[in-house]
Amino acid sequence: MENRFAAARRRYLRTHMDGIYTGMLLTGALEPHLKEIGESAQAMFDRLMEQMKKAEGVTEQLKASDQMEWVGRMNSIRNRAEEIIKTELIFV
């Protein structure tokens, strides 16, 4: 079962690096590669989310006192973390 990061990597390889995608598919290296990328990206995403939440003071107390502010900040953090992962792991 692929996670969203592995699926994004698959789409990227197939769309922009078709030769590499086909070679990996034929040699059986594609699925292990996607599994590794998916696991690494998910771990990095979880770590980045926690680090950014801590650095920006996004806490459960903020969630309880101002839910809309909390949601906005969390969306921003999630988007930035995903962009870092796409730049460093998916689109290389």
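1. Let's start with Lys-53, which is partly exposed because its relative accessible area is 22% (buried means under 20%, exposed over 50%, and partly exposed in between, with a 1.4 Å probe and protein chains only). Before going on, bear in mind that this is a predicted model, where local features need pLDDT of at least 70 and side-chain atom pairs count only at pLDDT 80 or more, while totals for chains, interfaces and linings use all residues. Residues are numbered from 1 along each chain as its sequence is written, and side-chain values use heavy atoms, leaving out hydrogens and water.

2. Lys-53 has a partner: its side chain meets that of Glu-50 in a salt bridge, 3.4 Å from N to O (a side-chain nitrogen of Lys or Arg within 4 Å of a carboxyl oxygen of Asp or Glu). Both sit in helix α3, three residues apart, about one turn of the helix (helices are DSSP runs of H or I, at least four residues, numbered from the N terminus). Glu-50 is partly exposed too, at 48%.

3. Elsewhere in α3, which covers residues 30-56, Glu-39 and Lys-35 are four residues apart, again about one turn. They form a salt bridge with the closest N and O atoms 3.9 Å apart. Glu-39 counts as partly exposed at 49% relative accessibility, whereas Lys-35 counts as exposed at 54%.

4. Now over to helix α5 (residues 67-90), where Glu-69 and Arg-73 are separated by about one helical turn because they are four residues apart. Their salt bridge has its closest N and O atoms 2.8 Å apart. Glu-69 is partly exposed at 33%, and so is Arg-73 at 29%.

5. How many salt bridges does the structure hold? Seven. Glu-2, Arg-10 and Glu-31 are worth a look here, being linked in a network of them.

6. Next, the packing of helix α1 (residues 4-16) on α3: the angle is about 130° and the axes are 7 Å apart (axes are lines fitted to C-alpha atoms over the stretch in contact, and angles run from 0 to 180 degrees between N-to-C directions). The two helices are therefore oblique to each other (the class left after under 35 degrees for roughly parallel, over 145 for roughly antiparallel and 65 to 115 for roughly perpendicular).

7. Who makes that contact (heavy atoms within 4.5 Å)? From α1 the residues include Phe-5, Arg-10 and Leu-13, and from α3 they include Glu-31, Leu-34 and Phe-45. Arg-10 and Glu-31 also belong to the salt-bridge network of point 5.

Definitions and conventions: Contact = heavy atoms within 4.5 Å.
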